[in-house]
Amino acid sequence: MAHTAMSGSGTNAGNDPLQTAVWRLRSRACWVDAAALIQPVTADASLQRASLLVERCLYTEQGWAEAEDALRTAEAVARSDDERGAAACERGQLAYAATLLGVRDRADEARAALGRAAALIAPGAPGRALLDFRRGLLAENLAQSPQAARAAYRRAHAGASAQGDPLLLSFTWRHLAGLALREGELAEARHGFGESLRIREELGYLVGTAPALASLADAETEPEASRLRAEAGRLFRLLGGVPTWLARQLSPPAATA
């Protein structure tokens, strides 16, 4: 399924040159260029293209209209329950991103779309772990329910482990660690953030490495925290200030330097 490429490892069983090129562009914050390589002639291709443009919105706070257009195409060509469920999962993610970033309150749409996806994607199906993770994001950041978020992240973590999806594991490690940090569990937080960073560095997922460094810095003591934050800032600037929301996390230490 194409939507699992939005987690994935950056490699593919058939060593498909197109998918390798898409991964390299995506990991370097070049979502528009990656999407341009994909011809939306099938449901899977349409969904992957939409997924790339939805991810661009979350990281750059731009491109909402393009993502909506691509998503409508993916929804229109979806035929199976898996395809419709995957499109609904992306619809929920786009609505979540718009709400989280203050573009427009689409929380109800996000909940409805992810609920629809849950009804269509069977437990154990390839797209279920990604769906569980996104339901965790909704619970943590919109519903303010860390308990529900932790349960969803753990389901996603188990699913990503079973499917051999290292990139999704890097996300579940990071968000479980974030909950641990909020509860003052520093050793657990450091371990989770460290695992997330390790995976992203191994995969060459550059756009996700700066956030991983900054998160680990939040759980470390000086001088290691400053070193990690400085490295995060270097990568952040290298990628042209992406992800945009990381600037808020990096700015307090910079202001006191």
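Student: What do the side chains of aspartate 218 and arginine 229 meet in?

Tutor: Some background: side chains of opposite charge can pair when their charged atoms come close. Here, aspartate 218 and arginine 229 meet in a salt bridge (3.0 Å, N to O); the term means a side-chain nitrogen of Lys or Arg within 4 Å of a carboxyl oxygen of Asp or Glu. The pair links distant parts of the chain, with aspartate 218 in helix H11 (residues 206-219) and arginine 229 in helix H12 (residues 224-238), 11 residues apart. Helices are DSSP runs of H or I, at least four residues, numbered from the N terminus.

Tutor: Before we go on, this is a predicted model, where local features need pLDDT of at least 70 and side-chain atom pairs count only at pLDDT 80 or more, while totals for chains, interfaces and linings use all residues. Residues are numbered from 1 along each chain as its sequence is written, and side-chain values use heavy atoms, leaving out hydrogens and water.

Student: Is arginine 229 buried or exposed?

Tutor: Buried means under 20% relative accessible area, exposed over 50%, partly exposed in between (1.4 Å probe, protein chains only). Arginine 229 is buried, at 15%, while aspartate 218 is partly exposed, at 36%.

Student: How many salt bridges does a search of the whole structure find?

Tutor: The search turns up 21. One of them joins arginine 106 and glutamate 68 (2.9 Å, N to O). Arginine 106 counts as buried at 7%, and so does glutamate 68 at 14%. Both also belong to a salt-bridge network with Asp69, Arg72, Glu75, Arg91 and Glu109.

Definitions and conventions: Helices (H or I, at least four residues) and strands (E, at least two) are DSSP runs, numbered from the N terminus.
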